[in-house]
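Have the sequence and the model open beside you as you read.

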Amino acid sequence: MAGLATISLVAAGCSFGGTETVTVTTPTTPTTDTTATTATTTATTTATTTGTTTTAKPADNPAVRANKEVQQDLTDLGFYSGPINGRYGPVTTAAVRRFQARAGLPADGIAGPQTMAAINLALGNDSTDAVELLQTTLKGLCYYGGNVDGIFGSGTETALKAFQRAEGLTADGRYGPRTAAALAAAWPDRPSSCSGKNPSGGGSATGDTITIGSPKLSRTFDLSSCTVVGRGIEATGSSLGGYEIGFDSPNGPGGTIGVDSADLVLDGTVRTITISVNGQFRAAGTWQGGGAWTAVGTCSD
């Protein structure tokens, strides 16, 4: 019989205008993920570096540690009851889906930028160790050239897409089970140096981001400016593909949002916006012509 776990998201940014209580049902007996990767099932893996041969244990593999951090975050939020084993298998995927459904996101079980931003928001963090470890992995594999800041911005997304293309995976910039397994398997054979290589992913200008999700657009923007004004936010930024965003809601609900690119122009209204004490925010509204959008982000400048 399942037990009930009640979590009150309070303190640093977890409560928006009061205590939000999330009640979820978790199994009384943890279920173990059975999907393993080469890097997690092998006791030791040999990685060749310049002039030496070193042994990389699975526990030292940042891609595996990233999976553990995702599992730990979901455990802290009450959505995962299995072991913290670093395996992004069916049980972890199901936990991600449960969190996404609770957060009002597409429940696909893949921890993409929007899902990681929502996890950050729920935990009251500016960033997560899971994203830092993902960035560390991509940097070690010579795909990421930005700062290891724990923020899943467009630079991290670009680097992840480049890795996915190189591995023959769907280049969607999202961190799912197949990508997690490929990163874990690639880490032991990482190059000894990235000299002469041009990493495809860079850091963001301010470290602030906003992730938009809707039927018309799902994208993470790096914010070149972001200011908390009154009960709302004023921000501008850009994303891959030449997308520009303007978010103007200084008085809270009733503001506007606009996204422009060469082939897309969207304007909408901000219906709700909540901001935590550390500059994380959640907003929702509708586009002109119909269609709802949601957004999560950080504005710490």
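Rings of Phe, Tyr and Trp (its six-membered ring) count as a pair if their centres lie within 6.5 Å; planes under 30 degrees apart are called stacked, over 60 edge-to-face and the rest tilted. The structure holds 6 aromatic pairs on that basis. Please keep in mind that this is a predicted model, where local features need pLDDT of at least 70 and side-chain atom pairs count only at pLDDT 80 or more, while totals for chains, interfaces and linings use all residues. Residues are numbered from 1 along each chain as its sequence is written, and side-chain values use heavy atoms, with hydrogens and water left out.

**Aromatic pairs**

- Y88 and Y175 form an edge-to-face pair, at 6.1 Å centre to centre and 65° between the planes.
- This pair links distant parts of the chain, 87 residues apart: Y88 sits in the loop between α2 and α3 (90–103), and Y175 in the loop between α6 (154–166) and α7 (177–186). Helices (H or I, at least four residues) and strands (E, at least two) are DSSP runs, numbered from the N terminus.
- Y88 counts as buried at 5% relative accessibility, and Y175 counts as buried at 4%. Buried means under 20% relative accessible area, exposed over 50% and partly exposed in between (1.4 Å probe, protein chains only).
- F247 and W293 have ring centres 6.4 Å apart and planes at 85°, so they are an edge-to-face pair.
- Because F247 lies in strand β8 (residues 243–249) and W293 in strand β12, their pair ties together parts 46 residues apart in sequence.
- F247 is buried, with a relative accessible area of 3%, and W293 is buried, with 0%.
- One aromatic cluster is formed by F247, F281, W287 and W293.

**Cavities**

- A cavity is a set of points on a 1 Å grid over the protein atoms alone where a 1.4 Å probe fits but cannot get out, and lining residues have an atom within 4 Å of a point. Grid points are joined across faces, edges and corners, and a volume is the space filled by probe spheres set on the points.
- The count comes to 4 cavities of 30 Å³ or more.
- The largest cavity holds about 100 Å³ of space, and among its 15 lining residues A117, N120, I151, F152 and T209 lie nearest its centre.
- The second largest cavity holds about 60 Å³, and its lining includes F152 and Y175.

Methods:
On a 1 Å grid over the protein atoms alone, a cavity is a set of points where a 1.4 Å probe fits but cannot get out, and a pocket is an open set with protein on both sides within 12 Å along at least five of seven lines; lining residues have an atom within 4 Å of a point.
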